[in-house]
Amino acid sequence: MDDQTQIELEAAAFRTLRAHLMEKRTDVQNIDMMNLTGFCRNCLSRWYQEAANERGIEMSKDEARQIFYGMTMDEWKAQHQSDASPDQQDAFKTAFAENVESKG
């Protein structure tokens, strides 16, 4: 497989993942994703922002989140986010420390 084809396939897979999380699995909470996988929608949008910034494209965190969520963060929270339980919050502290803070 040539490099361009690989890039196109990876981009297609990413777009499918984004659409899946944005449209088909709005019931899956970010806190559960972070606790189970070590990343969530916010991480994906941050990686998108970082990739843009590395290429000289100015993009804020809010702009990246809107691209990834398909709406503002406030709209997403109002429509899809539920309150986290104390157990979820405790697990999140550990997952965040291991997967985000330790990465700098």
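Tutor: The model is predicted, so local features need pLDDT of at least 70 and side-chain atom pairs count only at pLDDT 80 or more, whereas totals for chains, interfaces and linings use all residues. Residues are numbered from 1 along each chain as its sequence is written, and side-chain values use heavy atoms, with hydrogens and water left out.

Student: Which pattern does the chain follow along the sequence?

Tutor: Helices (H or I, at least four residues) and strands (E, at least two) are DSSP runs, numbered from the N terminus. The chain has six helices and zero strands. Read along the sequence, its pattern is therefore α-α-α-α-α-α.

Student: What share of the residues of the chain counts as buried?

Tutor: Buried means under 20% relative accessible area, exposed over 50%, and partly exposed in between (1.4 Å probe, protein chains only). The chain has 104 residues, and the share counted as buried is 26%.

Student: Why is Gln4 classed as partly exposed?

Tutor: Gln4 lies in helix 1, residues 3–24. Its class is partly exposed because its relative accessible area is 45%.

Student: Is Gln49 buried or exposed?

Tutor: Gln49 is part of helix 3. Contact means heavy atoms within 4.5 Å, and, not counting residues up to four places away in sequence, Gln49 touches Met59, Ser60, Lys61 and Ala64. With a relative accessible area of 15%, Gln49 is buried.

Student: Which residues form the largest nonpolar core?

Tutor: A nonpolar core is a set of buried Ala, Val, Leu, Ile, Met, Phe, Trp, Tyr and Cys residues joined through side-chain atoms within 4.5 Å. The largest one has nine residues: Leu21, Met33, Met34, Cys40, Cys43, Leu44, Phe68, Ala95 and Val100.

Student: Which residues does Met33 touch, not counting residues up to four places away in sequence?

Tutor: Met33 belongs to the largest nonpolar core. With that sequence limit applied, the residues that Met33 touches are Leu21, Val28, Gly38, Phe39, Cys40 and Arg41.

Student: What is the volume of the largest pocket?

Tutor: On a 1 Å grid over the protein atoms alone, a pocket is an open set of points where a 1.4 Å probe fits, with protein on both sides within 12 Å along at least five of seven lines; lining residues have an atom within 4 Å of a point. Grid points are joined across faces, edges and corners, and a volume is the space filled by probe spheres set on the points. For the largest pocket, this volume is about 390 Å³.

Student: Which residues lie nearest the centre of the largest pocket?

Tutor: The largest share of its lining, four residues, comes from helix 3. Of the 19 lining residues, those nearest the centre are Asn30, Cys40, Asn42, Arg65 and Phe92.

Student: Which helix gives the most to the lining of the second largest pocket?

Tutor: This pocket holds about 280 Å³ of space. Its lining consists of Phe14, Leu44, Trp47, Tyr48, Ala51, Ala52, Arg55 and Ile57. The most, five residues, comes from helix 3.
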